Amino acid sequence: MLKWMKNPNWMLLLGVLFLLSGVGVSLLCLAQHSAMICLGMFLFDSALSMGFVIQAAVHQAATPDALLSCVRSVTYVLGGISGALGTFLAGWLSQHYSTAFALWTGVIVLVTVATIMATNLGRSARIKEICPPDGVGL
């Protein structure tokens, strides 16, 4: 996938993928037919899966080789903690309010992150231009 995606701005691409994922969850909430539920799940899951690939590629490109294992370890730990907290929150919201409320909360989070990324494009670069800063990790 990345060989076709070297020219776009990585933050814009990741923001669009988050937005598509939010659209997928919205379809899950609004769907009346199983085909729409399948489409919503496909959009949600495929957009997030592609986002993970972009995020990992940016981490690897922007991190000096000497620090890559440390950065990846911290990423896995923080991702695991965030995943556990997100699962707890989704379950708590579903139990105390409704499943739809928990899903719509997820949509709000995804769209908010996409909006923040879109408003900060000046702090980003094209994927093929990403490299570690000079003198870091040497």
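Student: Which handedness does the crossing of α1 and α4 have?
Tutor: Left-handed: that is how α1 passes α4 in this predicted model.

Student: And what angle do they pack at?
Tutor: About 160 degrees, with the axes 8 Å apart. Here α1 covers residues 10–30 and α4 covers residues 99–119.

Student: Parallel or antiparallel, then?
Tutor: Roughly antiparallel, because the angle is over the cut-off of 145 degrees.

Student: Which residues meet there?
Tutor: From α1, the list includes W10, L14, F18, V25 and L30. From α4, L103, W104, V107, L110 and M117 are among them.

Student: How many of the contact residues are nonpolar, polar or charged?
Tutor: The contact of α1 with α4 has 17 nonpolar and four polar residues, and no charged ones. G15, S21, G22 and S26 of α1 are among the residues in the contact, and Gly and Ser count as polar.

Student: Switching topic. How many helices and strands are there in the protein?
Tutor: Four helices and zero strands. Read from the N terminus, the order is α-α-α-α.

Student: What does the C-alpha trace span?
Tutor: About 55 × 30 × 25 Å along the principal axes.

Student: What share of the residues is buried?
Tutor: 27% of the 138 residues. The protein exposes about 8,900 Å², and carbon and sulfur atoms supply 70% of that area.

Student: Last one: what share of the contacts joins residues at least 24 apart?
Tutor: 72%, counting contacts between residues at least 6 apart in sequence.

Definitions and conventions. Residues are numbered from 1 along each chain as its sequence is written. This is a predicted model: local features need pLDDT of at least 70, side-chain atom pairs count only at pLDDT 80 or more; totals for chains, interfaces and linings use all residues. Side-chain values use heavy atoms; hydrogens and water are left out. Axes are lines fitted to C-alpha atoms, for helices over the stretch in contact, and angles run from 0 to 180 degrees between N-to-C directions. Helices (H or I, at least four residues) and strands (E, at least two) are DSSP runs, numbered from the N terminus. Angles under 35 degrees count as roughly parallel, over 145 as roughly antiparallel, 65 to 115 as roughly perpendicular and the rest as oblique. A crossing is left-handed if the near helix is turned anticlockwise from the far one by less than a right angle, and right-handed if clockwise. Contact means heavy atoms within 4.5 Å. Buried means under 20% relative accessible area, exposed over 50%, partly exposed in between (1.4 Å probe, protein chains only). Accessible areas come from the Shrake-Rupley method with a 1.4 Å probe; for residues, only the protein chains shown count as cover.
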